[in-house]
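I want to go through the fold piece by piece and jot down what I look up.

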Amino acid sequence: HRASRSLMPLVARIGGVLVWVVAFLVLLAELGYSITSLIAGLGFGGLAIALGAQKTLENLFGAFSLSIDQPFREGDLVQVDGITGIVESIGLRSTKIRTPERTLVNMPNGKLADMRLESISARDRFRLTSVVALTPATTATQMKTILHDMEIVLRQHPKIWPDDLSVQFSDLASGALSINVGAWFQNTDAVEFTAIRQEILLGFMRVIERGGASMTTPGP
């Protein structure tokens with residue numbers, strides 16, 4: 001189960017700490033110390049320790065919350081508190097995020113669990129938006145053909161999401177005739193989407209050249 005796999009590294013870290021604690025107690029017992037008295041003493045001091053370690057406990061519970069709810073996982077591209085980067089690790093106290101500038105940001109888990117988190121890696125498709133501007137010399141017949149052929153370029157792509165696609169002649173200005181394009185593609189990889197976008201835009205250029213029109217700079 002995906003949530004269980006996400007929780008395992010955290011459980012392993014806590015298990016490692018417990019193993020060291022038990023080993024330390026066994027060593028004390030071998031040296032002749034009374035473990036019962038030691039545990040009783042820890043019970044009396046537990047309240048004081050807990051009061052002094054509220055932030056530590058908050059971050060520990062935050063780590064459990066992040067591992068169980070899974071707003072993101074290690075390796076995901078996320079955006080949180082204005083920071084965008086890849087989650088490198090989710091520790092007992094903090095989560096480490098590697099930014100595009102290769103800096104490392106440490107976010108306390110207790111604070112992170114209460115913040116608005118955006119997992120960019122969790123998106124199920126990418127959106128292409130583009131404004132194509134043609135010269136005013138473009139005729140109505142040319143425009144109609146170009147709109148039709150641009151839509152065909154989109155619909156023929158194997159990754160297109162066909163339920164939400166738009167190719168519309170949107171503005172009739174003195175300097176440019178604008179076409180607004182909007183479409184979704186069923187892929188989850190940003191690098192792959194970059195290649196798809198290039199392929200689609202090159203297809204639009206071929207359609208415009210074939211239609212006898214020319215592109216220009218979009219109007220204000």
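**Strand 8**

I started with strand 8 and asked how many of its nine residues are buried. Seven of them are, so strand 8 is largely enclosed by the rest of the structure.

I then looked at what pairs with strand 8. Strand 6 runs antiparallel to strand 8, and nine bridges join the two. I picked out Ala133 there, whose bridge partner in strand 8 is Ser178. Strand 7 also pairs with strand 8 in the antiparallel sense, over nine bridges. Two of the bridges I noted are Trp161 with Trp184 of strand 8 and Phe169 with Ile179 of strand 8. A hairpin of four residues takes the chain from strand 7 into strand 8.

**Cores**

I looked up the largest nonpolar core, which has 25 residues. Which of them touch the most other members? Met150, Leu154, Ile179 and Phe185 do. Strand 6 (126-134), helix 5, strand 7 (160-172), strand 8 (177-185) and helix 6 (190-210) each supply at least two residues of this core. Apart from that core I found another, of 10 residues, including Phe72, Val78, Ile90 and Leu112.

I went back to Ile179 and listed its contacts, leaving out residues up to four places away in sequence. Ile179 touches Met143, Ile146, Leu147 and Met150, among others. Its contacts also include Ser130, Val131, Val132 and Leu134, as well as Val167, Gln168, Phe169 and Ser170.

I moved on to the open sheet of five strands, which has the order 4-3-2-1-5 and antiparallel pairing. Strand 4 (104-108) and strand 5 (117-119) are at its edges with a single partner strand each, so one side of each is left without a neighbour in the sheet. Neighbouring strands here are turned by 40° against each other on average, direction ignored.

Inside this sheet, I looked at strand 2 and strand 3, which pair in the antiparallel sense over four bridges. Ile86 stands opposite Arg98 in strand 3.

Two residues got a closer look. Ser89 is in strand 2. Is Ser89 buried or exposed? Its relative accessible area is 19%, and the cut-off for buried is under 20%, so Ser89 counts as buried. Beyond its sequence neighbours up to four places away, Ser89 touches Glu74, Ser94, Thr95 and Lys96.

Arg93 is in the loop between strand 2 (83-90) and strand 3 (94-98). Arg93 is partly exposed, with a relative accessible area of 48%.

**Whole chain**

I counted six helices and eight strands in the protein chain. From the N terminus on, they run α-α-α-β-β-β-β-α-β-β-α-β-β-α. Of the 220 residues, 30% count as buried. The chain exposes about 13700 Å², and carbon and sulfur atoms supply 59% of that. Among contacts between residues at least 6 apart in sequence, 61% join residues at least 24 apart.

**Confidence**

The mean pLDDT is 81, and 73% of the residues reach 70 or more. Where is confidence lowest, and where is it highest? It is lowest in helix 2 (residues 35-52), at a mean of 54, and highest in helix 5 (residues 140-155), at 96. Over residues 47-52 pLDDT stays under 50, and the model has one contact beyond four places in sequence for them. Where pLDDT is low, the predicted coordinates should not be read in detail.

Terms used: Residues numbered from 1 in each chain as written. Predicted model: local features only at pLDDT ≥ 70, side-chain atom pairs only at ≥ 80, totals over all residues. Heavy atoms only, no water. pLDDT = per-residue confidence, 0-100. Contact = heavy atoms within 4.5 Å. Core = buried A, V, L, I, M, F, W, Y, C linked by side-chain atoms within 4.5 Å. Buried < 20%, exposed > 50% of the residue type's maximum accessible area, 1.4 Å probe, protein only. Pairing = 2+ DSSP bridges. Areas by Shrake-Rupley, 256 points an atom, 1.4 Å probe, with all protein chains shown as cover. Axes fitted to C-alpha atoms, helices over the stretch in contact; angles between N-to-C directions.
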